[in-house]
Amino acid sequence: MTTTTKTAGATTAPTGETVLDARGVTMRFGGLTAVRDVNLTVNSGEIVGLIGPNGAGKTTFFNCLTGLYVPTEGEVRYKGTVLPPTSYKVTDAGIARTFQNIRLFHNMTVLENVLVGRHTRMKQGLWSALLRLPAFKKAEAEASKRAMELLEFIGLQDKAQHLAKNLPYGEQRKLEIARALASDPGLILLDEPTAGMNPQETRAAEELIFAIRDMGIAVLVIEHDMRFIFNLCDRVAVLVQGQKLIEGDSQTVQSDERVIAAYLGEPVEAAPAAAAAPAPAPAPAPAEDEAKDAATEETPEASETPETEEADEAPDAAEDEAPADEAPDSEDETPEPAPASEDTPHDPASGKENDA
Amino acid sequence: MTTISENPKASTAPEPAAEATGLIGFVPEKAARALTLGGGVLTVASCFLAWTWTPRFPGDLTYYGSPAGLQMQVLVTGVLTALFALSSYGVKGTRWLTPAGGDSALKLAALANFAITWFTVGAISIQLGGPVNLEPGGAVVALASLLALLGALALPFERPKVLPVDPEDTSWDQFKHRAGNGWASFRAAFATTGTARRLPTMHSSVEILIIAGVLAIALGVFTYGVGTEYDELFLGFLITAGLGFAAVSKSGLVAQATQLTSKHQNLSIAGAFTAAALFPFTQTDDQYATLGVYILIFATVALGLNIVVGLAGLLDLGYVAFLGVGAYAAALVSGAPSSPFGVHFPFWAAILVGAGASLVFGVLIGAPTLRLRGDYLAIVTLGFGEIFRIAVMNTDGTSGPDITNGSNGISSIPNLNILGFDFGAAHSIAGFTIGRFANYFFLMLLIMAVVVLVFRRSGDSRIGRAWVAIREDETAALAMGINGFRVKLIAFALGAGLAGLAGTVQAHVTYTVTPEQYLFAGPIPPNSAFLLAAVVLGGMGTMSGPLVGASLLFLIPNKLQFMGEYQLFAFGVALILLMRFRPEGIIANRRNQLEFHEKDETPATLAKAGA
């Protein structure tokens, strides 16, 4: 288990309990297999990233985890119990989520949005609302108090009575997170939490996610911003063509040539200049840089490599990978006295299996 | 508008474009203001003159010194114009009238005054065969109101920035563009310049007195409207009330009143019910109490529908069927001779049966359909409404079992008798005679209070928030842990149950229940289309909206008999116009207002900046 800087008690191994355990999740829509045999675990106190090119099936996989879709094969366990197939029951069980496109309740106030998130943790039904017994008032007061705490946590306490849609974009994103947190989840799924944000806002979102992790909530995050994801995550899983390509710490993932190939295509075969004498693939070279930065270094021809190339490559790679999948999690347990550098949490130990 | 000529000026120096002039440019401001005040005062004065020589025009406007009929309405708008004019001069003691400042209230008041005056004068001229039938008083009032309007329109206002015309556009586009500019400055002429001042802090007893005053005025207006005796008077009432209300709301008084009522919300609602309960006492006979009780039934059902449509966002096109289920259930156990069940339940049991039967039907209809999204529910409820009517028609003993007597319905439903109080007989309370319909009016008021309570309390709770969340975004609501199906079913069944509740009383009020009372659309108000229209017109998701909408939708067809066959047509046109210009309904929900008029807040210059 890699530890990023902020948890002082990292050495005392706060992790261990497996919060989310997806096994062999496969999702087919008719003839199209959007997600194929994906395994993923998230442990408590962990931030796990899920990356992949557009259309890789990240959001579909997310929807399988949250009950919006029922996986065609495989199962998802939350703290040992198989998740029910409907999304409100999943939330009730303890998994909250945000959406890729902001889906706030636009014509409700900020406070009401958070109160809606509190729905599963309140039990007052219609009768109780009509009769307004003391228990009802107490529950409402408690819910408002908790909602205001959450708004303070994300820094929107002064805008509690604003309509959600009148908030600026970054604050809407934050509010969505607060709404998800209101259901007291054990795991929160963030679908591209920094899409459309500027660097400062991304930075703030990063802080927020660390703070959520420190509250003891496991985080699974989809993101396209590589710098963000490699700063943030203890482990990163790469999804390509619906299959998990690799999983490991950011160092491992960044330096994996299949990942680079998946994002950029295979430069060697495609580049016309290099066709005669196949040069060694440039992939390992920019290991220190983010994969994104590598894109600019490639020749334009290379980055426009047809999708078919990687389609051929990806399944093989994933099949090689599959047996190793179970392993890393258990070995992650060894506490790692990590240096307090926030930016690149290096953790060679946990990534070794994947380097093969 | 003068777009092109102003264009170069605007581009070089933006300041002169915002020059404050009136819609009528040539009258200086001081003269204009004096003209408005003079016109208003003259209008008031001429209301005490005779306007026509013959009493043939309804209301008899031939007397000197006693305004009658339409003259009363002209008097009201004239006084309003004069007062606003004085207030715009800053005369001490009248400044509280225009807390929002600006001249827009004055302009609208003058417009209202002009409209009602010229409507009256026109009606006299047409009805009696020419303007020659006007006495000098009629001519004077017409002139005075015209002068007041001209004066008001000449008052300066902040012109909006005019967008230049793109010379490369087609002439049609240029025309549209200029028309748009003209419309923008026309609207600006009537726009308020400021928001209402906050009320000074007052002792709460004073505030309560003000609320009581406002409610008394509302009761007075409503009573007057219900009591209008002839078409001209009611049309005039619509003009006066509509434009007058617009003027008062521009002045900021309405905003201040809303501030007060929302501060003392429970008290205001209690006060409103008290005011409504006073209505039968203002009437000398049962004629208008009849209207009152029908309006109440209609409004109560509309409010129930508002839970389903306004809060939970479920489009129910067959809602009147639930009213029918309740009414039939109550009629069957009422001891009516034509009921096949020879039972006579006490009222409390009948009301439980009626509401319970509707609830059961609500669950039966909702359970299979509410799992689906989109328009399925609308189709199924539309079908259910028709199925109910036809099924009731067919259970007449020949086409099916004999339960409902088919198209004859269940007649001679006995009057209610609660704790020895006979609803059929007239009672004398404190010197006032309270007739049969007034008795039912009080009962219906009680039922409406229940519905209001249910609406408010359920709306402001965990379940109410869940309804709104489902309406806003069902996927997100599910992801927040809301059991969408369950919550929607509760809304649907609750709405059905409340309609059934109203239905039990309706059966007794109307003596007879027949299938033809429960149509999808028809000229007589409690039908599904009118119910939905009342909710949408009044304002979805608000409490007072459906009540206002239902009152209007009941009164207008009832009062304007001359429209006859064109009634539904006129209704459709009115609905389209309202949806175009005030999509949030008459009583705007704070949320909807922001939702629909979001664009108005963005600077107009964005509209065609890049073109």
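What follows is a short exchange on how the descriptions of this predicted model are reached.

Me: What makes A:Q124 partly exposed?

Reply: A:Q124 has 19 other C-beta atoms within 10 Å. Buried needs 20 or more, and exposed needs 12 or fewer. The count of 19 lies in between, so A:Q124 is called partly exposed.

Me: Where does A:Q124 sit, and what does A:Q124 touch?

Reply: A:Q124 is in the loop between α3 (110-117) and α4 (126-131) of chain A. Leaving out residues up to four places away in sequence, A:Q124 touches A:A129, A:F136, A:A139, B:S461 and B:R462. A contact here means C-beta atoms within 7 Å. A:Q124 and A:F136 are 12 residues apart along the chain, with their C-alpha atoms separated by 6.5 Å.

Me: Why is strand β8 of chain A described as largely enclosed?

Reply: The strand covers residues 218-222 of chain A, and five of its five residues are buried, so β8(A) is largely enclosed by the rest of the structure. Both faces take part. A:A218, A:L220 and A:I222 point one way, A:V219 and A:V221 point the other way, and all are buried.

Me: How do you know that β8(A) pairs with β3 and β7 of chain A?

Reply: Pairing takes at least two bridges. Strand β3 (47-51) and β8(A) share four bridges, in the parallel sense. Strand β7 (187-191) and β8(A) share five bridges, also in the parallel sense. Both counts meet the cut-off, so both count as pairs. A:L189 has A:L220, and A:D191 stands opposite A:I222.

Me: What links β7(A) to β8(A), and what is the hand of that crossover?

Reply: The chain crosses from β7(A) through helix α7 (199-214) to β8(A). This β-α-β crossover is right-handed. The label applies if, with the strands pointing away from the viewer, the path from the first strand over the helix to the second runs clockwise.

Me: What makes β6 and β10 the edges of their sheet in chain A?

Reply: The sheet is open, has six strands with mixed pairing, and runs β6-β7-β8-β3-β9-β10. β6 (95-97) and β10 (243-248) each have a single partner strand, so one side of each is left without a neighbour in the sheet. Neighbouring strands are turned by 20° against each other on average, direction ignored.

Me: Which helices lie against this sheet?

Reply: Helix α1 (58-65) of chain A packs on the sheet and touches β3, β6, β7, β8 and β9 (235-240). The direction of α1 makes about 150° with that of β7(A). Helix α10 (257-264) of chain A lies across β9 and β10, at about 135° to β10(A).

Me: How do you know that β4 and β5 of chain A are a pair?

Reply: Two bridges join β4 (73-78) to β5(A), and the strands run antiparallel. The cut-off is at least two bridges, so β4(A) and β5(A) qualify as a pair. A:Y78 stands opposite A:T81. These strands belong to an open antiparallel sheet of four, in the order β2-β1-β4-β5. The edge strands are β2 (32-43) and β5 (81-82), as each pairs on one side only.

Me: What makes up the side of chain B that touches chain A?

Reply: In the contact, 25 residues of chain B meet 28 residues of chain A. Elements giving two or more residues on the chain B side are α15 (436-459), α16 (462-472), α17 (474-479), α18 (484-509) and α22 (590-596). The largest share, seven residues, comes from α16(B). By class, this side has 13 nonpolar, five polar and seven charged residues.

Terms used: Residues numbered from 1 in each chain as written. Chains lettered and ligands numbered in written order. Predicted model: local features only at pLDDT ≥ 70, side-chain atom pairs only at ≥ 80, totals over all residues. Contact = placed C-beta atoms within 7 Å. Nonpolar A, V, L, I, M, F, W, Y, C, P; charged D, E, K, R; others polar. Axes fitted to C-alpha atoms, helices over the stretch in contact; angles between N-to-C directions.
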